Amino acid sequence: MLRILLVCALVGAGSALSCRWMERKYQEYRDSSLAQLNAMANNTISINSTEDYEDAVTFPNELYNQASKAVAEERLRFVVQLLEEIFALFDGEDQTFVSWQEMAVDDFLNVITQQADGLRSCISSQSHKKKNKKLNLYFKRLTTHVEQMGHSTEAWEWIRKEVKLHLLRSDMLVPRKTN
């Protein structure tokens, strides 16, 4: 009986690395989310100086450092929360002044929701851990900053670029199957 439990524990510990969704769909959804975000780019706006934005809301970079040192499931949990926070940011805010089409935002949100669901399926249901509070607070500050900027086109374009950087950085946290 002990051997069976040990084998189950070892299989569960490696589940994030052997998850079928990761092998078959992760790259497709990652590429799609980045493509959708790029399609939302406002070509008529170029932000010459992002200092006003960067100084107002800085990402706690130690979160990526901590996540990169964590086990595979913890890294996936971090990426899932990041995707959920991005969804909440775009879904709950006024984008009236932005020239991207509502359908483009809906498509992007659909893709990152599917990506989060797929990654979540690779996380053991036994390991429920609280959400990362610092990550949540960062996205709340982003929301507040967009509101303070009057939901302007410039603010949303900056948000879009920040989100793209987070998607690229979080991609490095996703475990890859090694042969």
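Modeller: Here is a short tour, from the overall fold to single residues. Keep in mind that this is a predicted model.

Colleague: What does the secondary structure of the chain come to?

Modeller: Ten helices and zero strands. Along the sequence, that reads α-α-α-α-α-α-α-α-α-α. Of the 179 residues, 43% count as buried.

Colleague: Let's take single residues, then. Why is K130 called exposed?

Modeller: Exposed means over 50% relative accessible area. K130 has 78%, so it goes in that class. You'll find K130 in the loop between helix 8 and helix 9 (133–148).

Colleague: How far is K130 from R77 in sequence and in space?

Modeller: They sit 53 residues apart in sequence, and 9.8 Å apart in space, C-alpha to C-alpha.

Colleague: Which residues form the negative surface patch?

Modeller: D91, E102, D106 and D107. Helix 8 (residues 102–120) gives the largest share of the patch, three residues.

Colleague: Now the rings. How many aromatic pairs are there?

Modeller: The count comes to eight aromatic pairs. One of them is F90 with F108.

Colleague: What makes F90 and F108 an edge-to-face pair?

Modeller: Two values settle it. To pair, ring centres must lie within 6.5 Å, and these are 5.4 Å apart. Edge-to-face needs planes over 60 degrees apart; here they are at 70°, so the name holds. This pair links distant parts of the chain, with F90 in helix 7 (residues 72–91) and F108 in helix 8, 18 residues apart.

Colleague: Are F90 and F108 buried or exposed?

Modeller: Both are buried.

Colleague: How do you know which kind of pair Y138 and F139 form?

Modeller: The distance is 5.1 Å centre to centre, and the planes are 85° apart. The cut-offs are within 6.5 Å and over 60 degrees, so this pair is edge-to-face. Y138 is buried, and F139 is too.

Colleague: Which cluster do ring pairs build?

Modeller: Ring pairs link F59, Y64, F78, Y138 and F139 into a cluster.

Definitions and conventions: Residues are numbered from 1 along each chain as its sequence is written. This is a predicted model: local features need pLDDT of at least 70, side-chain atom pairs count only at pLDDT 80 or more; totals for chains, interfaces and linings use all residues. Side-chain values use heavy atoms; hydrogens and water are left out. Patches are made of residues with over 30% relative accessible area and no salt bridge: like charges are joined within 9 Å, nonpolar side chains (Val, Leu, Ile, Met, Phe, Trp, Tyr) within 5 Å. Accessible areas come from the Shrake-Rupley method with a 1.4 Å probe; for residues, only the protein chains shown count as cover. A salt bridge is a side-chain nitrogen of Lys or Arg within 4 Å of a carboxyl oxygen of Asp or Glu. Lys and Arg count as positive and Asp and Glu as negative; His and the chain ends are not counted. The place of a charge is taken as NZ of Lys, CZ of Arg, CG of Asp or CD of Glu. Helices (H or I, at least four residues) and strands (E, at least two) are DSSP runs, numbered from the N terminus. Rings of Phe, Tyr and Trp (its six-membered ring) pair if their centres lie within 6.5 Å; planes under 30 degrees apart count as stacked, over 60 as edge-to-face and the rest as tilted. Buried means under 20% relative accessible area, exposed over 50%, partly exposed in between (1.4 Å probe, protein chains only).
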